[in-house]
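Welcome! Here is a short tour of a protein model, made for a first look at folds and strands. Please open the structure and follow along.

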Amino acid sequence: SEQLENAYDTLQSLELILESMGDGLIVADLQGNVSFANAAAARLLNVAFDGEDGCRWDRCGFVGGTAGGGDDDDACSSDHFPLMRAIRGEAVEREELLVKREHGEDRWLSVNAKPLIGREGVLDGGVMVFRDISDRKQAEDRLRQSHDTYREQAYRLEATLQTLKDTQAQLIQTEKMSSLGLLVAGIAHEVNNPIHFIAGNIAHLGEYFHDLLELIEVYQQHAPEKHSEKAAAIAHKRNEIDFEFICDRFY
């Protein structure tokens with residue numbers, strides 16, 4: 001009938017639209033049998049969705065996936081795959097999935113999956129829509145690596161700056177010690193000069209003093225009479241300076 005033809009045409013148009021999508025789309029029933037999968041789904045999941053009666057998506061050559069951060073410990077099993085969770089009635093929003101490939105580069109996918117509810121509110125299966133976010137993940141990795149690199153450079157720069165500060169402090173301390181050393185050397189030089197002068201002239205001073213004592217002795221031999229006024233003055237001065245002690249000491 002005309003209604004059936006219109007419905008068939010509409011279905012074909014819808015299928016063409018879904019096939020032309022850049023995002024992958026998979027529809028599966030409660031047993032996991034794929035009732036529809038567009039070309040983008042086959043390409044992104046590295047799965048061949050073929051066969052006359054359809055197939056179970058997890059038996060079509062799917063290599064495997066990793067959920068979350070991509071560590072081996074986060075390996076995504078068939079039961080935890082977003083489509084299977086949707087078939088069980090769970091809604092999955094923007095979950096990131098790394099698809100492992102035997103040939104070619106692994107691909108990161110952003111996945112949305114929802115249960116398919118029939119007219120009477122009965123769960124009929126699940127639908128999963130996903131897109132390739134590998135470029136974004138690579139950019140995030142590069143950004144993270146750059147951040148780590150900059151952080152390492154900042155750490156090294158801080159360490160270098162601290163080393164320069166320590167070196168500057170050591171140079172200032174060395175300069176102070178050098179200046180102090182020059183000052184002490186100058187003071188020692190100024191002190192040593194008169195000491196050396198005195199030490200160098202002590203021998204001559206002793207000779208001069210000895211000569212003076214001899215001169216005084218000669219003078220005493222030719223001095224005036226002992227009872228004269230001049231003799232009394234000389235004797236008084238001799239006693240005052242203890243001349244005999246000086247002679248015993250230095251003569």
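**Strands side by side**

Strand 7 (residues 107-117) pairs with strand 8 over 9 bridges, and the two are antiparallel. Strands count as paired if DSSP finds at least two bridges between them. This is a predicted model, where local features need pLDDT of at least 70, side-chain atom pairs count only at pLDDT 80 or more, and totals for chains, interfaces and linings use all residues. Residues are numbered from 1 along each chain as its sequence is written, and side-chain values use heavy atoms, with hydrogens and water left out.

**More on strand 8**
- Lysine 114 stands opposite valine 127 in strand 8.
- A hairpin is formed by strand 7 and strand 8, with 5 residues between them; in its turn, glycine 121 has a positive phi of about 80 degrees.
- Strand 8 (residues 123-132) is also joined to strand 1 (residues 24-29), by 6 bridges in an antiparallel arrangement.
- Aspartate 29 faces glycine 125 of strand 8.

**The whole chain**
- The protein chain has 6 helices and 8 strands (DSSP runs numbered from the N terminus: helices are H or I with at least four residues, strands E with at least two).
- Their order along the sequence is α-β-β-α-β-β-β-α-β-β-β-α-α-α.
- Of the 251 residues in the protein chain, 23% are buried (under 20% relative accessible area, with a 1.4 Å probe and protein chains only).

**A charge and a ring**
- The charged end of lysine 137 sits over the ring of tryptophan 108, 4.5 Å from its centre (the rule asks for NZ of Lys or CZ of Arg within 6 Å of the ring centre and within 35 degrees of the ring normal).

Notes. Buried means under 20% relative accessible area, exposed over 50%, partly exposed in between (1.4 Å probe, protein chains only).
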